[in-house]
Amino acid sequence: MEEEKEDGTGSPFGPYLESLRRELENQDPRFTIALVVALAVVVITCVFLKYFLTSKTVRTAVLLVGLCDAGKTLLFARLLSGKFKRTQTSITDSSAPYKAKSDKASTWTLIDLPGHDSLRSQYMEKFKSTARAIVFVVDSAIFQKEVRDVAEFLYFLLTDAVISRNVPTVLVACNKQDITMAKSAKLIQQQLEKEMNTLRMTRSAALSSQDGSVGGSVFLGKKGKDFEFSQLPMKVEFLECSARGNKGEDGDANIESLEKSLARL
Amino acid sequence: MLDFFTIFSKGGIVLWCFQGAGVTESFTGPVNALIRSVILQERSGNNSYTHEALSLKYKLDNEFELVFVVGFQKILTLTYVDKLINDVQLHFRDRYKNELDIKGSLKLLNSNFEFEDDFSMLLREAEDSSKARSPASMRTFNESLKSQKTVKSMIETKGGDKIKEQGGKKNKNAKKEAEPVKVDPGKTTSASQKPVENGSQGLTPEEVMQKNREEFFRKRMGGNVEKPSKSPKPQKPKEKQRRVWDMGGSKAEDLDYSHPNDNGTQKAGYQGPDAHIESGMQLNPMKGDLLSVDYEYSEEEDVGEEEEEEEEEQERMEITNTKRVPKKGGGFGGMFGMLKGLVGAKSLSREDMEPVLDKMRDHLIAKNVAAEISTQLCDSVAKKLEGKVMGTFTTVASTVKQALQESLVQILQPKRRVDILRDVLDARSQRRPFIVTFCGVNGVGKSTNLAKISFWLIENGFTVLIAACDTFRAGAVEQLRTHQRRLNSLHPPEQHGGRPMVQLYEKGYGKDAAGIAMEAIAYARNQAFDVVLVDTAGRMQDNAPLMTALAKLIAVNMPDLVLFVGEALVGNEAVDQLVKFNQALADHSMSDKPRLIDGIVLTKFDTIDDKVGAAISMTYITGQPIVFVGTGQTYNDLRSLNARAVVSALMKA
């Protein structure tokens, strides 16, 4: 009776807590241990889930992208093995670990994506979140004819939501410099800037998709001023290289500048 | 004999190649063309391809991600090529299994594949095997049976008919022993066993007996007609006998099916002009309820229906039987088999994929993809997955669905997207108008979508000239004039420097469409319009003169963009329409690089919920992208295609 009176004046949960305490004391100690262990497991699982769900994918890949026939697969072969290999149009991606020649460079994965129009987008979707750097290979010899296609691809690369969030380094490799008609990197940069200037205007006026999503929501560069690659949040570097090399099939490739830039990553 | 043979990985690195003697051109070009047009466009159903003078055959190895390609001159017909490819594939895999097995391409790059000796050995084997089965040489005269017959037997006598027939029969039976002849056994055995010597004139007793036996058997068999002998028969007896049909009656009255019942319904319409009723026919007065369908017809129909039902039931039974068989194989062992199928590396075979592919094909057809295209797609996916090793915890169904989804997305994005605004700016800088032509069958929405596109263009600040080249349909010109007025009221000339944004160029009805188009383009050039939209009349694809007229319009005016307007409701017709339109454009153009359809406008997209298969059919056939999607009838209902959304709607259950 005294106990009941005391409980009446205490918290409303008093009687329940009392009964719980009495139950626990009556039970075996094993029950309490089991209860504690179960609680611990639940807590640990929650922590793990949180950790896995919010962990970012580590970005260790360097992607080789570009139009069809730009020389990506040969560049891939040269960077990895230094040998010349005959190549055909790629249908799937190839990947391999790569270690740059300098001492303090880390290893990452070099991934060669197919450049064909119908495959380009789905492979980009797959690999863009793991990209730490993107090597955009351009065929310098026939650049004049392909200016618009190159610019369009580069535009889509730069305005992609995931890429503009992760801001990987972009290296534009002007390949096929061994051909006499090849344009220099500086010229290619100027032409691309002009083309991107027009593109960002037409693309923002493009029709929206049938389910309502609007493409091209990211506006490149600064409004009002002509587009320049330096206005972008990511680092864009232009360099020249030649995967085939000046001495034909047996000679070495002229890819020192590319290797140096890759080592600096 | 072969021009070249290459083995390369799907990632593009050539592992080994062989170039035939005397061949100097590099094979990279043709192989790239093969990859682009066949493998990437999902047409890998049949495995050969021709490129200029070369004929290419290929085989995909999906387990190790390799492609084997052989090329030879188109004019040669080499029979051993298929076998050679298969042998080479098996050999190469066995020999280099270790190098190929590892994921990642480093090993591929660094290893050297010395395959020449094996290849030459296999090539020699294949060539020898093909030579072994050389075609049968012709028999010399001495070997043939004709030399064994005496000349006398071939002379025509009064009874020569029979003798010749016998000789002919014997020869036929000797030569055609492989053919299934549903002939009574007596004839063949007696004829073949009989000695070849055919000696004397007249019939020997055995021949008489044989003849009688034939007659007897013929009468027993009834309608068993003898094969007409190829040797010319001697003249028949003089009079021509009247032909007697077995099934036909002999009286004219038997052919009179006119019944008092059905005469009334047919003749009723013709009563007007001549009320004169022939004596033989009786009209049934139409009093009271309508009579049911004629008894004879209904009987035939019932019988036909019953037969059809029986066939369907049989088919259904067969299908259910085949479906039941794999389930029966389950049970206790099947439970573990299912688990085994989930875990562990298992390579896909055709039989595993068959049921899933059939289901997928039916699903695609239910979503309004044309039937032949669904079949081709499923074949191509099967080719791409055959022999592939599945990862753990993936079922066959999920792998196949994934592959199908990827190939569908691939098909819907064939080329670089057509950026019309960019091209118009280009044309403006070159001081010429950008010409777009709309073509299609009747009633798909050409004029409506033309108005929508011109609205979009004037919203972006371009001036548009509409050329009314539909001079056939009543009200076509007025329709375009109404659109022009509305568009100009939405964008009044005062806002745009005093110049109307949309103008209509029309010359009324009945004139030649190609001429009007040419004048309109010249006018646009003079007045510095940015875009010319040419509206043509709708026409059916098998109407040859109209297709010729359209081809002439396009060939003469050389538009920058030829858009085919197709509605999303079309089903299997889409295949026929596009093929015939492209064919007509290719046939009737004078140049060797004809202008074909450059893009597709998919209209009435709001009327289909998720049966979006027409998009797939159209892009698969032409290989051109879908440029615009029309989703309604107001000016704002113009969209661009989102490939992923369409494919997910297509794959949704």
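**Ground rules.** I am working from a predicted model, where local features need pLDDT of at least 70, side-chain atom pairs count only at pLDDT 80 or more, and totals for chains, interfaces and linings use all residues. Residues are numbered from 1 along each chain as its sequence is written, chains are lettered from A in the order in which they are written, and side-chain values use heavy atoms, without hydrogens and water.

**Interface.** I looked up the contact (heavy atoms within 4.5 Å). It takes 45 residues from chain A and 52 from chain B. The buried area (accessible area, 1.4 Å probe, that two parts lose on being put together, summed over both) is about 4300 Å². Carbon and sulfur atoms give 51% of that area.

**Salt bridges.** I applied the rule: a side-chain nitrogen of Lys or Arg within 4 Å of a carboxyl oxygen of Asp or Glu. It finds three across the interface of chain A and chain B. Glu195(A) and Arg422(B) form a salt bridge at 2.6 Å, N to O. I then checked which elements of chain A supply at least two residues each to the side touching chain B; helix H8 (185–204) is among them, as is strand E2 (94–99).

**Confidence.** I checked pLDDT, the predictor's per-residue confidence from 0 to 100. Chain B averages 75, and 70% of the residues score at least 70. Helix H10 (residues 295–328) of chain B is lowest, at a mean of 43. Strand E8 (residues 434–439) of chain B is highest, at 93. The model scores ipTM 0.71 and pTM 0.67.

Key: Helices (H or I, at least four residues) and strands (E, at least two) are DSSP runs, numbered from the N terminus.
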